[in-house]
Structure formats: structure tokens, C-alpha cells
Amino acid sequence: MIVKIKEEIKVTGNVNAAPAEAVATKRSESPKKHWRVPSGTVRAYGMVAALVLMWVIFSVVTNGIFLEPRNFSNLIRQAAVTGIISVGMVMVIVTGQIDLSVGSLVGLAGMAAILVQYYWHWGLILSLCTALVIGLMVGALQGWLTAYGKIPSFIVTLGGLLAWRGVAKGISQGATYPIEVRSFRDLGQAYLGRSVGLALVAVTVVAVIWSVLHRNSMRKRHGLPPWSVAALSLRIMLPSVLAVGFVFALNAYAGVPVPVLILVVVALSGAFLTESTVFGRHLYAIGGNPEAARFSGINLRSQVLIAFAILGVLTAIAAVIYTARVGSAGPDAGTLLELDAIAACVIGGASLAGGRGTVLGACLGALFMASLDNGMSLKNVPDFVQDVIKGGILVAAVGFDVMGKRRE
Amino acid sequence: MRGIGKSFPGVRALDGVTVDLYPGEIHALVGENGAGKSTLIKILAGVYTDYEGEMQVNGEIRRFSSVRESEQAGIAVVFQELSLVPELTVGENVFLGREPSRFGVVQWDELYAKTSRLLAELDLDLNPRVRTGTLGTGTQQLVEIAKALSQDARILVLDEPTAALTNAEAENLFSILNRLSAQGIGIIYVSHRLHEIFRLSQRTTVLRDGRTVSTEPTDRLNEQQIIAKMVGRQISQVFPANARTPGDVLFEARHITTQNPNMPGRFVLNDISFTARCGEVVGIAGLMGSGRTELLMSLFGCFPGEVSGEITIAGCRVLIQSPIDAIAAGIGFVTEDRKRSGLVLDQTILANITLASLDRVSGRWVTNESRELAASRVLADDLRIKASSLFTLAGTLSGGNQQKVVLAKWLMTQARVLLLDEPTRGVDVGAKQEIYAMIHRLAQSGMAVVMVSSELPEVLGLSDTILVLHEGQITGRFTRDSVTSEAVMSCATGQQVCA
């Protein structure tokens, strides 16, 4: 009987091939407005423009120090920690949940990785595993309490914010410990050789060209109008130029920092996970309309738990980089990082109501926050003023977004 | 209201619409979805403040800058979407924002006494201290009307007030409206249900594409004429001719019994058994609260309480404890409220169509958009989903098109048994017909369709077998040839059991 139905649908589908063409031609009249991909891209480039504007302003007021290779390299390295957490955070936010405990988890996972080196002389791999396992377990536990225990994630992770910091203080007895393993420190402080950076960027450009051409040929296959030569070259040139410029700027100092490479890998994996997997699609459905998702046979609880677990692991990776960059593990490491990560997601277009947000947006948001920090520190803006400005910008960013939507 | 015009970006929603209303008149406003009825009402209610043209109330030119001003001018609007706060009691909702108070202290006794009087006026047997969220949609609608009455309105606007009401509740509403109009209140009545318009209204204004087509005394019109004016074309037959011959039994439910999760011991469904054959449409009629929606939810594994009974599909017993099981067993469920439980409005048509069948249509882990597109395109064309592309966001579509997207989602899962709950609610006349034709065609292709609808003509026109539910029990079974609407209604009200 199933087969019969299928045939019926196929037959009627073929009969209706003509309307399909009609739809396709109609589409070509107003393709811009309705294409999800370009509108997202436009938004991303809008954010890049805002970033560049901020950089220009900072470099003017700091007499060019801001954009000097050394500072730029430093800035990007700072952004890596927030960026990696934001990639996980945006997944949790997309499902309509929140995680306030990541800052404390950075402290705990980083401390644990260093303590196993200090007391038991564990090597690089084992101490990394320690951090990752702790991240995974904490994320999964909080996800489980949220998804299966039905305790609001705000409460679960607010508890986590206190509890994990407490554990970190307990196991360290309030002391700060230096890193024992040299290669561990490299994860936060080393640079890739200049030629390695160039090789990577060459691979990136090839990948961009291939994916744009591939997408274009898909459009043709589905009867959509292919992009014009101008659109094609814009789509290839913009990301390529950005990537090349980025690597050259970093090479002008000491090469691509290892944390930045890790961020890029994490961000690409995160983008793939959210945009091109069934899991990702489920995340958006769950956040957009949990009831519809449930009625469509999606296992809400397991997907939410997995999102939290991924965030836990990414937070542990960020903890390793953070600790390695600082050179030691202190009980207060990572304090308030959760706010930076959430702000990065929101500035990058994520909605705390769920259903909206992208990995790319979150990464740009993280860069935005790091630039703000870095620029204001260079200018010796007092701490308390920095906090006020950051808070104001967060509210303003969401305000602009809301205004833009209302106009639509 | 004269020469009213209103533009939204890219759309001219209203273009020179003129409507007048006399005291004590019931004036029907009809038109397809998107004809501009809601926009017009919102201007009247002071929701939209930037419009062209002018509006006179009692001979005075008025231009409301807020809902409050409109209310003070004696205009009360009952919107289609309920605007009650579920956490508050009935009385609190009725007097929300206008609580009787002395020195800023709410006079609760006075509030509840007044509410009781209003509810009594509506023949509504209801404790005003009950939390509104616990009431059924139909009752909530009446509370909403009580709220409008409490404002001493001279102009009452009702937007699709009977959409969620049972026939008995609707009858009650009609008599109330007649009484109000006898008191000199002018009523603007918006409805898709034409027979109500003939029952109630003195004059009818038809809107189409934001323009007034005509304003005429209702008794000079007939149903065909109104439909023709609304859609701009003649509709000869609403329901497709039935040329189906049902085959073998495909779906069987035996002894389905559920209890109210909030009140253990009280049955929501009591020993429901029925079968649906390949190519058969089983229509389920019943009043609001008779357990119709709960039956479909139980069959789909998403009823919040415990469900007992057996379900058999194509001779095999299946255990359905969640929507995941139901989908795997080949059941699809078009829910009553597509915005709440059918669609992810922020996502594209494509993502919505493939949502329930991603692992099959796309990939087990990694999605394949081009495969999804290819499969969805066929369905979208087949169902005539009108959108500029499959990447259009579902939230921007009209009601009819949204409903088609939900249908497409279930066809994509290759469901063999399709459960439909109010498949044409909030859908305009043209799209309704398309959906009827679609249901007919799906049944013809061998699916078993179980359809719940409050619109009796719809049940009678489409179904091969009609079941009538009353208080969780089947009180009537009819075949297409033996059924009359009177018989169904008497079973639905529990006056007679005709099994």
C-alpha cells in the first residue's frame, strides 16, 4: 500500500512539472528577498563592517597601536577563548536554553588539568583528557537535569555557576599552580610557522571556490537561476580576501597563533553541525517551536542534552587554551566568561527565545567583544567604565536588531 | 469609515474601503483571508493608527491613536486570537485593566459579582474565580465576549467568533447578539461561515483584495453570490464528488480509553473502537469537549495522560507511546493549531516539509539539501503551495498555504494513516476547496484518513463513515448514505444513541 501511494504522488508530481517551471521563473523576479543564504551572508558582512569600523576608530584614538601586528595578534588570541565557548553556547541558545556556568567550568576544567600535572605528573594527553572529560560530564549532567529533570536551564546552570567555582576553589585550596608540561603551554602561546599559515589559507581559498561553484551548479540542477559572474566573483573574493588578509596580518607578527587555529577548526565544525546535519536542523526546530518539533517525532530531550554536552566539551577546550595562555591555573580563572559568550551570541544575532542564531554570528560577536576589551585596555579606560560600555553595547545591539525586525 | 486605505511595505492591504454601521444593526463583513478584514478591524480598534481616509463615530470625525481611545469611544473588539491571560481568573480577565477599585485597592467581591452577572447574561454557567487557562477554547471565547460587554460598548466587533464554538454555543451567541442589537448596539460580524451571516445580519459587505466589492441587504443575496463576490469567480461545487471504494481495513483502534491527567478517575475517552479502511475518510463529529482532539492525540501517542487500548495497522499490532512511534508506524497528524504545534514559523518551507522525515529524505546524520529540495518540490507543486520559493519562511505564508505545508510534511513521512484535526480552520474559501480535493485524492490513493471537524457540512461532505462523539463515547455511527445533519447533532448532544 505504501508503494501505491508513493507512485500516485510521483505521477501527479510529473503531471505538474509545468507549474514547477512557472514557479521557478516567477522566483527569478525577486530572488534576493527570499533567499535565506544571502540574507544571512549580508547580515554577516554587516557585522564585519561594524567590526572594521570599530577597529578604525580604535586605531585612530590609539595612534595606530591598535592595528599594529603585535596587538592584532594578541587581540585575535584573546578572542579565541570566548569564540570557542560561543560556538557551543549558540547551539544551546538556539534550543531556547542558556548556560551560565561556562565561566566557572573554565576555572574547574583548567584547574583539574593543571593539578593532575602538578600532583601526579600526568603528561599532555592525559591532562587534556582530564579537562575534556570534566567538561563533557558537567555539560551532560546539566543537560540531563534540564532536559530530563525539567528544571529550567537558567536555574541548573546558575547553580552550576556557583558549584563548579566552589569545586575549583576546593581542589586548589585557593592557590595558583604553574603549568608543568611545556607542550601544554604551547596550546595557548605558540604560533604556527608562517609557511604553515600560508598553506592553510591557500587550502581555504580553494575550498571557498569549490563550495561556491558547487552551490551554483546545484542551483542550476534545481532550475534556479545561476548566479551572475559578478555575484559569483563577489562570493569567492570576499571571503578569500578576508582570509588572506587575516593570515598576512598575523604573519606580520609571529604567525597564526595556535588558539586561533583551534578556534577556526571548532567554528567550522560547529557551522557544519548546525547547518548541515540532522542534529542541527533539530536544534532550530526545537527552539523555534518545541511543540511542532515533538509532534514531528524529534526526541527533544536527547537533542538538548547533546547540545549541552557539546558546550561542555568546547568549554573544556577553551579552558585549556585560557590556562595555557595565562601560564597557570588560578581559582578565579574564567570569571564572567559566560557573560562574554552569551553577549557574543546575542550580538551575533541569536535570539534568547530560541530558534535563531548562527555559529558565524557568534564568532564575529566574540571578535567584537574581544576588540572592545582590547581597544579600551590600550586606551587605559578604567575597568568600571569598560564594564558600563560593554553592558550598554550589548543592550544597544539587541535594540537595533529588534528595531530592524519591527521595520520589516 | 470612508475611503480607508492602509499600506504595509510591499502590500496595499486596504484601498478605499467604505463601511457604515447603524445603531442596532448587525453588519456582516466577509472576504477571503487576506482580503483586508482584519486590517480594517484593527484600524477601528485603534491598533493601526496610520491610515488614509476618515472615520466617523456618531457623526464625529475620530482618529484613534490607541486602543484605549477606541474603547472610550464605545468600540469593543473581540479578536480572532484570544487575548485572555490564562493564569488569571475569569473575573480578573473580564475586568483586566479596569478593575473596580477604591483608593487603588481592588474590590474583589464587586468584581466577581459583576462578572457573575455578565456571565449569567450570556447563559454561561461558570464560576468567575476559575483560572481561565483551564477552560476550553469555546468557553474562553464567551469570556472574551463578556469582557467586551463589560465595557458598555456601543459598537461591538467580532472577528470569527464561532471558529472555536460548538453549534450550541454558537446558537447561544446568536441569541445574545440579537438581544444586543435590539438594545441599539451596532455589531460588525466577521465570519467565514456564510450560513451564520444569513441567520444574523441585516447587511453584508464583501471585501476582496482590500477593496469593497459590495454592501447589500443580506436577504437580497444568496450563498453562491457571496462566494462568487469573495473569490471573484463562481464556485459550482464545494466538495469533490465521491468516487472512492474503500479497500481492506488498514487502521484499527480497539477499546481506546484515557483518563483526565488532572482528574484521575474521570474518563476523557471511554472504550472507543473503530476502523479505517484504505481509501476511506472517517469523519469524527462531536461538540467541543467531546474528546475529539484527545482521541487523535491518543492515537498519535501525544496525549498527556495514560492511554489504554490497542492499535492495529495493516493487521499488525503497534505500540504507540510517543509521536516517534506513531510516525514509525506510518501515522501522520495535522494538528488543530498549526502555529502552535504544526510549523516552525521561523524556518523555511523546505525545513518544515522535511522536519518529520529528515533521516529518510535527507540523510541519517548529514543533511543533503538538494535531495530535500527535489523531494519537496514535487510535493509543493502537487499541493500547490503558493510561495516565491521553498526558502520562504513558513511564518510569512497565508493560513491555507501553511496548512498545505503541514500536509506536505506528513506526506513526506509516507504516512499511510492521516489524522486531521480541523484541517480547514482559519483557511479561506478557495484554499478550503483545495484542501478538500487533496483529502479526497489522498484517500483515493489508498490512505486511511481520520478527520475531526467542527464544521458539520465538511464532515458530511467528505467522509465515508461518520462517528459521533459525546462525552468521550461514540454515540453514533453513520455511513455516507444514511447520514443526516439532524441525526448527527442529536447524537452529539447525547439526546439519542444510534450505534
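A residue is called buried here if 20 or more other C-beta atoms lie within 10 Å of its own, exposed if 12 or fewer, and partly exposed in between, with C-beta atoms placed from the backbone. This is a predicted model, where local features need pLDDT of at least 70 and side-chain atom pairs count only at pLDDT 80 or more, while totals for chains, interfaces and linings use all residues. Residues are numbered from 1 along each chain as its sequence is written, and chains are lettered from A and ligands numbered from 1 in the order in which they are written.

**View 1. Chain A, the overall picture.** Chain A comes to 18 helices and two strands; helices (H or I, at least four residues) and strands (E, at least two) are DSSP runs, numbered from the N terminus. Of its 408 residues, 42% are buried. Take the contacts in chain A between residues at least 6 apart in sequence, and 79% of them join residues at least 24 apart. A contact here puts the two C-beta atoms, placed from the backbone, within 7 Å.

View 2. Helix 6 of chain A (residues 102–120) is mostly covered, with 14 of its 19 residues buried. Its end C-alpha atoms sit 26 Å apart, which agrees with the 27 Å that 19 residues should span at 1.5 Å a residue; the expected span is 1.5 Å times one less than the number of residues. Just after helix 6, A:H121 takes a positive phi of about 55°. A:H121 lies in the loop between helix 6 and helix 7 (124–147) of chain A, and it counts as exposed because it has 11 C-beta neighbours inside 10 Å.

View 3. Most residues other than glycine have a negative phi. A:Q173 is in the loop between helix 8 (153–172) and strand 1 (177–178) of chain A. With 7 C-beta neighbours inside 10 Å, A:Q173 counts as exposed.

**View 4. Helix 5 against helix 16 in chain A.** Helix 5 (residues 69–94) and helix 16 (residues 337–347) of chain A pack at about 65°, their axes 8 Å apart. Axes are lines fitted to C-alpha atoms, for helices over the stretch in contact, and angles run from 0 to 180 degrees between N-to-C directions. On the helix 5 side the meeting residues include A:T82, A:I85 and A:M89, and on the helix 16 side A:L337, A:D340 and A:I342 are among them. By class, this contact has nine nonpolar, two polar and one charged residues: Ala, Val, Leu, Ile, Met, Phe, Trp, Tyr, Cys and Pro count as nonpolar, Asp, Glu, Lys and Arg as charged, and the others, Gly among them, as polar.

**View 5. Inside the largest nonpolar core.** A nonpolar core is a set of buried Ala, Val, Leu, Ile, Met, Phe, Trp, Tyr and Cys residues joined through C-beta atoms within 7 Å. The largest has 187 residues, and A:I84, A:M89, B:V417, B:L419 and B:V449 touch the most other members. Helix 15 (residues 300–326) of chain A gives the most to this core, with 18 residues. Leaving out residues up to four places away in sequence, B:V449 touches several residues, including B:V281, B:L418 and B:I439.

**View 6. The loop at B:L135.** B:L135 is in the loop between helix 4 (108–121) and helix 5 (137–149) of chain B. With 18 C-beta neighbours inside 10 Å, B:L135 counts as partly exposed. Not counting residues up to four places away in sequence, B:L135 touches B:V130 and B:Q140.
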